[in-house]
Amino acid sequence: MRILLIEDDRRLLESLKFQLEKEDFTVDACTTGDDGLYFVLQGAYDLVILDRMLPGMDGISLLRRLRREGGAVPVILLTALGELEHKIEGLDAGADDYIVKPFAFEELMARIRSIGRRPQSWEQHETYTVGDLRLEPREKRLEGPGGVCSLSKREADLLEFFLKNPGQTLPRETLLLRVWGPDAEVEDGNLDNYIHFLRRRLRTLGSTLKLVTVRGTGYRLEEEDENV
């Protein structure tokens, strides 16, 4: 699962990033509200941990903008403001939870687990099954009608995102952000190479699912029409 951490206290940011990655999360981080809004609107994250007081756009404004744009990603708001009216303002702005600084990392993990238990929320799946494909992300193992194969980490990350969004056209920028992260120096052609690798995997496994190119936009995972 990919988490976006938006926090301007660099010491806290690095500490949280390190601890969350030890819990097997993939974490991207930024320090301003403007950067945070840009990244979160790409739709590439399963959870956002958001500081309330940020340079530029503050956390509450970011949260309201995200919800106005239709973004449904769960958000945990972090803040030093612990008065009741501050909590109400944050929750009314669209936060799923609210943690007052200072806090123990164990509390943050408990809040993350709580959000993961909610219906239709994100959760750390052991497997994803769509059509005739079954992916085990941690083992990077893909099963299909014709057998089983192992995937590279990037192949598994990319296919997981498609399996979580079947039938949806996923923009190239969102796919690059999801798989490589915001700070990676990656050429656009790298995505095409990995799409090629995955298409070859699907053919080898005899799957009826295919990755369709949507010109000028990105790619979509869909099932082949047997009548065509």
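This is a predicted model: local features need pLDDT of at least 70, side-chain atom pairs count only at pLDDT 80 or more; totals for chains, interfaces and linings use all residues.
Biologist: How are α6 and α7 oriented to each other?

Modeller: Helices and strands here are DSSP runs numbered from the N terminus (helices H or I, at least four residues; strands E, at least two). Helix α6 (residues 153-164) and helix α7 (residues 172-180) pack at about 130 degrees, with axes 9 Å apart. Axes are lines fitted to C-alpha atoms, for helices over the stretch in contact, and angles run from 0 to 180 degrees between N-to-C directions. Under 35 degrees counts as roughly parallel, over 145 as roughly antiparallel, 65 to 115 as roughly perpendicular and the rest as oblique, so α6 is to α7 oblique.

Biologist: How many charged residues are in the contact of α6 with α7?

Modeller: Contact means heavy atoms within 4.5 Å. The α6 side gives Arg154, Asp157, Leu158, Glu160, Phe161, Phe162 and Lys164, and the α7 side gives Thr174, Leu175, Arg178, Val179 and Trp180. Ala, Val, Leu, Ile, Met, Phe, Trp, Tyr, Cys and Pro count as nonpolar, Asp, Glu, Lys and Arg as charged, and the others, Gly among them, as polar. By class the contact has 6 nonpolar residues, 1 polar, and charged residues numbering 5.

Biologist: How are α1 and α5 oriented to each other?

Modeller: The axes of α1 (residues 10-22) and α5 (residues 105-116) come within 12 Å and cross at roughly 55 degrees. Leu16, Gln19 and Leu20 of α1 meet Phe105, Leu108, Met109 and Ile112 of α5. By class that contact has 6 nonpolar, 1 polar and no charged residues. The two helices are therefore oblique.

Biologist: How is α2 oriented to α3?

Modeller: The axes of α2 (residues 33-40) and α3 (residues 59-68) come within 10 Å and cross at roughly 20 degrees. That angle makes the pair roughly parallel.

Biologist: Which residues of α3 make the contact with α2?

Modeller: From α2, the contact uses Gly33, Gly36, Leu37 and Val40. From α3, it uses Leu62, Arg65 and Leu66.

Biologist: Is Val212 buried or exposed?

Modeller: Val212 sits in strand β11 (residues 209-214). Buried means under 20% relative accessible area, exposed over 50%, partly exposed in between (1.4 Å probe, protein chains only). At 19% relative accessibility, Val212 counts as buried.

Biologist: Which residues does Glu23 touch, not counting residues up to four places away in sequence?

Modeller: Glu23 is in the loop between α1 and β2 (26-30). Its relative accessible area is 37%, so Glu23 is partly exposed. With residues up to four places away in sequence not counted, Glu23 touches Phe105 and Met109.

Biologist: What is the relative accessible area of Ala95?

Modeller: Ala95 lies in the loop between α4 (84-93) and β5 (97-100). Not counting residues up to four places away in sequence, Ala95 touches Leu63, Val75, Leu77 and Gly90. Ala95 is buried, with a relative accessible area of 10%.

Biologist: What is omega for the cis peptide bond from Lys101 to Pro102?

Modeller: Pro102 lies in the loop between β5 and α5. The peptide bond from Lys101 to Pro102 is cis, with omega near -5 degrees.

Biologist: What is phi of Asp24?

Modeller: Asp24 is in the loop between α1 and β2 and counts as exposed at 54% relative accessibility. Asp24 is not a glycine, yet its phi is positive, at about 75 degrees.

Definitions and conventions
Residues are numbered from 1 along each chain as its sequence is written. Side-chain values use heavy atoms; hydrogens and water are left out.
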